[in-house]
Structure formats: C-alpha cells, structure tokens
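Have the viewer open as you read.

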Amino acid sequence: MEHLSYAYGKNHYLEDPDLRAVLAHFWPEAREREAELADWGAFMGREVYEAAYHVDQGAEPVLVMHDLDGRRVDRVRLAPVQRQLLERLRPIMRPPYEGGSWHHHFALGYLLADPGLYCILTITHQVAYPLHKYAPDLSAWKERVLYGDAWGATWMTEIQGGSDLGANRTTARREGDVWRLSTGDKYFASGAGLADVAVATARPEGASAGPKGLALFLVPRLDARGELNFKVRRLKAKSGTRAVPSGEVELEGSEAWLIGRAEEGIYYTLETLTVSRLANAVAAMGIAAKAILEVRERVRRREAFGRPLADWPLVRHDLLELAVRHAGGLALAFAAVDAFDRAWADRPPYSERYHFARFLSHLAKNRTADHAAEITRLAMELFGGLGFLEEYAVARWHREALITPIWEGPSNVQALDLLEAMQKKRAHEPFLAWLEEWLAPRDEAGAGAALDAARRTLAGLAGAEPEAAAWAAKAALARLADAAAVAALYGLADGSGGRYRELAELYAGRFLRGEPFSAAAARRPEVFLPGRGPS
C-alpha cells in the first residue's frame, strides 16, 4: 500500500490541523481525548486505509442466498479483514449512549470517513437511537447492536417513492403483541444481508395517507421461530461505497415490533434521518481530507519544469481552493453537530433549539457534499494522469464523494425540507439570531458579507410566493450554508489564530461575493499548505 498512497501510514489525526481546531472550538473535552484521537488517527492511516482499499478493489460483500441444506439464508459473506475491522470500529457508535458527546462520535467518524464502512456503523447506531429514546422495552436489541454481535440497518424509502416517504406502500397489521409488515419493497436497503435487525417504516391499518400515517418498526432478521423474516432479492453494483452491501429487501408478513407511539413514527424517522445527515456531512469532509492529504504530499514531492509543484502559482491557487472549501465545510459540519448535541434529548413536538439544529443539518449536509465532490475532483486533477488510475488511492476518493450529494436526500430534498422548517417551525429565526451573535460584533468584511447575505436570502424566501420560493430554495440553501460556514470559521479564529480569520475572509469572498482569490494569497503557504502536527 505504501507504493499506492501518500496518505498510507500517516496519522490522520495529527496531520489534520483543521480537525484539531474545530474540536478545540466546539468540543473542549477533546483535549482530554488527545491520546485516544491520536491512536485512532494512526489506526485510520494504516490498517483501516489498507483494508478499505482492499475491499474496494475486489473484496466487496457477496450475497449467499442458500445454505448447504438448501434453506434460504440471504446472508452476505464479508472478507475476513472487513469482518475483523468492523468489530474494532464498533466503539464509534457508543459515546452518545454512554453519557458522552456527539462531537466524540462524529470526530471518530470523520477520521474513518470511508463511506462504506462508516455507513454500516451509522445505520447500526440508527437502530440504537430510536430504541434509546422511545422504546426502552426493546433495549435488548440496543445492547446487542452497541456491544454485542448484531449489525443494524434503516430501511425507510421504497422503489415507487424514493424520498417521498408518503408514497410508501408497506402495511402493518397487528397480531397480539407483534405486528406483520407486508407488501414492502425496500429498494435501496443498505446493510441488506448483513443486518441482524432493521428499523423500517410501515403504515398501520387504518392510518392516514401520506408521511404522517407512517409508524416505525423494529424488524429482526429471524422471527420468533428462528425462520428468515425478510428476503434479500439481490445486492447492487455501485460506483463506490462497496464495503456496505446495498440491496433490495422484500417484507412479506415480516414479524415486527412497534417503536414508541405509532402516530409519532414519522418524527422518529426524521430524527434518525437528521443523525444520518450529520454523518453524511462529516463523512464528506473526511473523504475530502483524505484526498487533500494525498495531494499535499504529492505537491511537496513532485517537480515539474524544474520546480516543486507547490511553488507554482496555479498549483498554489488550487491548494488554496482545497483549503478554503475544506475548512469551511468542516467548521459548518461541526457547528451542526454542536447544535444537535445540545438538542437531541428533545421529543416531539420539539423545541426551538431542536428546529435550529435540524435547520443547520440541511445546510451542512448539502454544502459539504458540494465541497467534497469538488475537492476530490480537483485532487485527481492535481495528480494528473495518476489521479485517474484505479490502482492508486486518490482516484477512489472522488468516486466515494459522489454518493454524498445523493444519500439522505439530494439537494432538491434538502432545499424543500429547509423551506418546510422555515414555514412551519420558524427555524430560520434562531438561525439568524445565531449568525448575528457571531457576526454582528465583528468588523471584518467577510462577517458583514455573510450576515447581509443571510438576511437578504431569508427575506427573499419569506416574501416569495410558494412556487417562487421553491424555485429559489436550492440557491438559498447554498447561500445560507456559506454564511454559516463563515460564522463558524470566525469562531475558530478566536481560539486558533489568524489562519482561520484569513480563511473566513477568503471563503466569504469566494462564495458570497464571487471574488477571485487575491494573488497575494499565493505568498502565504501557511494558509493553504499548513505544517504537519506534532509527531
């Protein structure tokens, strides 16, 4: 692997000054976890980096449909290295349920970043999440997925509706203490064949149409008799995320257990979706960080026309683009994590602080995906021809980044969900108050630009007719996210020094004012090519 990757063998925590600055700002307890994070960064840079590459290059999960006696089992076979690795990664899921912080969970997830492996962990802990909050009677399953031998999954969407949960056709019929789920076609089911238990949406008999009629159920792989409780039709061939088996699952009379109250099922579903959107944002920036780690070493080592690549002005311009996008995206992602950490104990109908956290999750999920796709594309370009060869590590990160705009709702869905949060929950009001708290006292040009952009954007949406608001919503989503990223970067600057103040100004100029980077920035490599951390 050392011949295929510059990032292999490096400590992915110590090599990431942005992560350390973000954690120092949003999670002061990170100082007490420094040794753990450094150990984790070393683990990510060697065993995990190598294993993830191996799985992607031809050792992905395989569906075994029947056993030797001809019985249907629908189980995936994992490469031994992946199976062993997953058990070592399982502790990622535990901090929020042990009295710890979501910052802790997402810091570990960011350092992992590999979206296939991280997806398995995310959908597993999304089983623990609603059980922890709303179904203490099912706590045995929570313990199994967090500390035992079980893997989980979340199956919400269906083939006919996709993001339109209201179009779901799976029905639920009560039989005593259990329920039976039928006519369900969960078409893009991550964890298919691996999951020992899943949470799934279904409509109880007599419930109303649309998303509000959906309840959330726990569906074990085996029923009370030990028989297969659902079928996996097939696995899908994907461009990336090959470590997680994604397939098609059929629910036909599947035994299930109701989670919480049936009439609140859509709220539980959307809560778990918020958690996965945060994971998507963090993973997007983690993917980008690994591509940047590859590139920074490349431009330090490679020469062209008699000079190191890092000395050429246009290469420096590209490195600055990478640095600005990554720092802004990561600060935005952890601003959303921080808001969720403060609000996640809230229950329906929720508080203002929860609606604010949800609002930030839409901004972070969408904008970090944009940044990751562009960062990894530019990383490939900076490598030249080698960047397009599958045998080298950098090519994979662009493939992996391209799932992040799609998973957990693409940009159109995020934009419409943002409008709904504004119109029904007034979630933009605490968001604007948060921006004003961070930006109004500052005299930097970027702070004024961010606050002005947010005010104008929100006023435009509020004053528009419904069709016009929807038309403008996606552009507004990006603009509000950029304003939030600038605010978060200034927050980092107050504790971590002038580099983040400069990055905040550059980010505001580039994405809010549409200005090109100043040529003077080429003379400040400490901004775009920061030094390594302590060894």
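## Core, helix pair and sheet

In this predicted model, the largest nonpolar core counts 194 residues, and Leu89, Ile259, Phe334, Leu363 and Phe431 have the most contacts inside it.

Let's pick Leu363 from that group. Skipping neighbours within four places in sequence, Leu363 touches Leu332, Leu418, Phe431, Leu477, Leu480, Ala481 and Ala484.

Helix α12 (residues 428-439) packs on helix α14 (residues 466-496) at about 40°, with the axes 10 Å apart, and the crossing is left-handed. From α12, the contact uses Phe431, Trp434, Leu435, Trp438 and Leu439. On the α14 side you'll find Leu480, Ala483, Ala484, Ala487, Tyr490, Gly491 and Asp494. By type, the contact residues of α12 with α14 split into 10 nonpolar, 1 polar and 1 charged.

Now for the sheet. It's an open one of 3 strands, ordered β6-β10-β9, with antiparallel pairing. Both β6 and β9 sit at the edges with a single partner strand each, so one side of each has no neighbour in the sheet. On average, neighbouring strands here are turned by 25° against each other, direction ignored.

Here are the strands with their residue ranges:

| Strand | Residues |
|---|---|
| β6 | 184-190 |
| β9 | 231-235 |
| β10 | 246-251 |

How many bridges join β6 and β10? The two pair over 5 bridges, in the antiparallel sense. For a landmark, find Lys186, which stands opposite Val249 in β10.

Methods:
Residues numbered from 1 in each chain as written. Predicted model: local features only at pLDDT ≥ 70, side-chain atom pairs only at ≥ 80, totals over all residues. Heavy atoms only, no water. Pairing = 2+ DSSP bridges. Helix = DSSP H or I, 4+ residues; strand = E, 2+ residues; numbered from the N terminus. Axes fitted to C-alpha atoms, helices over the stretch in contact; angles between N-to-C directions. Left-handed = near helix turned anticlockwise from the far one by under 90°. Contact = heavy atoms within 4.5 Å. Nonpolar A, V, L, I, M, F, W, Y, C, P; charged D, E, K, R; others polar. Core = buried A, V, L, I, M, F, W, Y, C linked by side-chain atoms within 4.5 Å. Buried < 20%, exposed > 50% of the residue type's maximum accessible area, 1.4 Å probe, protein only.
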